[in-house]
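The exercises below go with the model shown here. Each one sets a task and then works through a solution.

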Amino acid sequence: MAKYSNKKRISPILLVLLSIVLLFVLLIGIIFAFVWSKLDKITYADEIEDSYLATDPFDQDLDSNELNNPETASDEDLLIVIEGLDTQLEPPTVPDTEVQTDQNVLNILLIGTDERTTKYSKNARADSMILVSINKDLHTVRLVSLERGIGVPILEGELEGQYDLLTHIFRWGGADLLIKTVEHCFKVDVNHYVRVNFAAVEKIVDTIGGINIEMTAKEAEGINLWTPEGKPKVQAGLNRVNGETALSFARLRWIDSDWQRVGRQRKVILAVVDELKHSDLKELNNLADTVLPLIQTNLTKMEIAELMLYAPNFLRSQFDQMTIPKQGTYGGMGIRNGGGAFAVDYEINNDLLYRFLYEGATSEELLAE
């Protein structure tokens, strides 16, 4: 007489499903380990020393060629423009209002410091400050250039209470003091920063094979004037440029003013984003190996991993850009060492910034008011 086992047999279909799930989990684990190893290349905030040189940001160690080149000159040209303002004001009062926060909005300050080598310096200035705001609810990405000539209070240290240019705040306390200052003055939540320098910008553009930049005749002439013999020239219209030329374009200011310059910086960022939309995995891997070691940030690896998961939505989001302060909302003011700065009407500009970042208002609507 046959004996029957009481043990239940596992269905072949269930075995297949379990195998697929295990394979999927294993694949996710491999991908996560791969991404995590890439993120180890970044320099994080807890690996950066906190002390900064309390020396005057106007003291520059530039050779004679750099001093004669308007693209590498000091702040002198910026100060001339600011001091030429007809309206001379007292330092404006920063509104005593709450900092605006929204769990669906992530604000990251992109800081471009003025080192010309891959080595980062504590003696640097924040040559470029762009607030990158990702609104996951409205599916928008906003790029807001903060004019480096804005006069702001020094919030910490031996010079606390004095006023200086926003571009110099990095010199007095690094990225932490800079984002604290931006949050204090403009009343938007800025907990994170990403720092790159001139060398990093060049490497990013070269690694992705160049970017497309539309230039005016005046911009092309300005770049060509300082392009060494034997190097490729640019022309009015669409140009495919390498990292060196892209950086020259982003720093070009002597043909017009600092206001147009910050617009060119955003143009380079958007051109890089456009290239990344068409990059394959091999190209992105090469970019990560080349660029990540040149980045400093206070984002954690987990926060960066979460942003990477959101990256496809980020690239499909609606991009818009503007500069703070808005034209006509500032005068001139004195700062430490007898310099000049923009005296910003914070109430007007903070309202513009809030509506732009949190309520979905477009730059066209705000600038038309």
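**Exercise 1. A pair across the chain**

With which residue does Asp 320 form a salt bridge, and how far apart are the closest N and O atoms?

Solution. The structure is a predicted model.
- Step 1: the partner of Asp 320 is Arg 142, with 3.8 Å between the closest N and O atoms. The cut-off for a salt bridge is 4 Å.
- Step 2: the two residues lie in distant parts of the chain, Asp 320 in strand β12 (residues 318–324) and Arg 142 in strand β5 (residues 140–146), 178 residues apart.
- Step 3: both Asp 320 and Arg 142 are buried.

**Exercise 2. A salt-bridge network**

Solution. 
- Step 1: the structure holds 13 salt bridges.
- Step 2: Asp 127 is in strand β4 (residues 126–135) and Arg 251 is in helix α7 (residues 243–251), so the pair links distant parts of the chain, 124 residues apart.
- Step 3: Asp 127 and Arg 251 are both buried.
- Step 4: turn to Glu 156 and Lys 180, whose closest N and O atoms are 2.6 Å apart in a salt bridge. Glu 156 lies in the loop between β6 (151–153) and β7 (163–165), and Lys 180 lies in helix α4, so this pair ties together parts that are 24 residues apart in sequence.
- Step 5: Glu 156 counts as partly exposed because its relative accessibility is 37%; Lys 180, at 40%, also counts as partly exposed.

**Exercise 3. A threonine in helix α4**

Is Thr 181 buried or exposed, and with which residues is Thr 181 in contact beyond its neighbours within four places in sequence?

Solution. 
- Step 1: Thr 181 is in helix α4 (residues 169–186).
- Step 2: its relative accessibility is 0%, so Thr 181 counts as buried.
- Step 3: a polar atom of the Thr 181 side chain lies 2.7 Å from the backbone oxygen of Leu 177.
- Step 4: with neighbours within four places in sequence left aside, the contacts of Thr 181 are Val 152, Pro 153, Leu 155, Leu 166 and Ile 169.

**Exercise 4. The length and ends of helix α11**

Check the span of helix α11 against 1.5 Å a residue, then describe its ends.

Solution. 
- Step 1: helix α11 (residues 346–358) has 13 residues and should therefore span 18 Å. The expected span uses one less than the number of residues.
- Step 2: the end C-alpha atoms of α11 are 17 Å apart, which agrees.
- Step 3: at the N-terminal end, Asp 345 caps α11, with a side-chain oxygen 3.2 Å from the backbone nitrogen of Glu 347.
- Step 4: just after α11, Gly 360 has a positive phi of about 85°.
- Step 5: the buried residues of α11 include Asn 349, Leu 353, Phe 356 and Leu 357.

**Exercise 5. A nonpolar surface patch**

Which residues make the nonpolar surface patch of about 310 Å²?

Solution. 
- Step 1: the patch is made by Leu 225, Trp 226 and Trp 254.
- Step 2: Leu 225 belongs to helix α6 (residues 217–225).
- Step 3: Leu 225 is exposed because its relative accessible area is 53%, and the cut-off for exposed is over 50%.

Key
Residues are numbered from 1 along each chain as its sequence is written. This is a predicted model: local features need pLDDT of at least 70, side-chain atom pairs count only at pLDDT 80 or more; totals for chains, interfaces and linings use all residues. Side-chain values use heavy atoms; hydrogens and water are left out. Patches are made of residues with over 30% relative accessible area and no salt bridge: like charges are joined within 9 Å, nonpolar side chains (Val, Leu, Ile, Met, Phe, Trp, Tyr) within 5 Å. Accessible areas come from the Shrake-Rupley method with a 1.4 Å probe; for residues, only the protein chains shown count as cover. A salt bridge is a side-chain nitrogen of Lys or Arg within 4 Å of a carboxyl oxygen of Asp or Glu. Helices (H or I, at least four residues) and strands (E, at least two) are DSSP runs, numbered from the N terminus. Buried means under 20% relative accessible area, exposed over 50%, partly exposed in between (1.4 Å probe, protein chains only). A polar contact is a pair of N or O atoms within 3.5 Å; within protein, one must be able to donate a hydrogen and the other to accept it, and residues adjacent in sequence count only if both atoms are side-chain atoms. Contact means heavy atoms within 4.5 Å.
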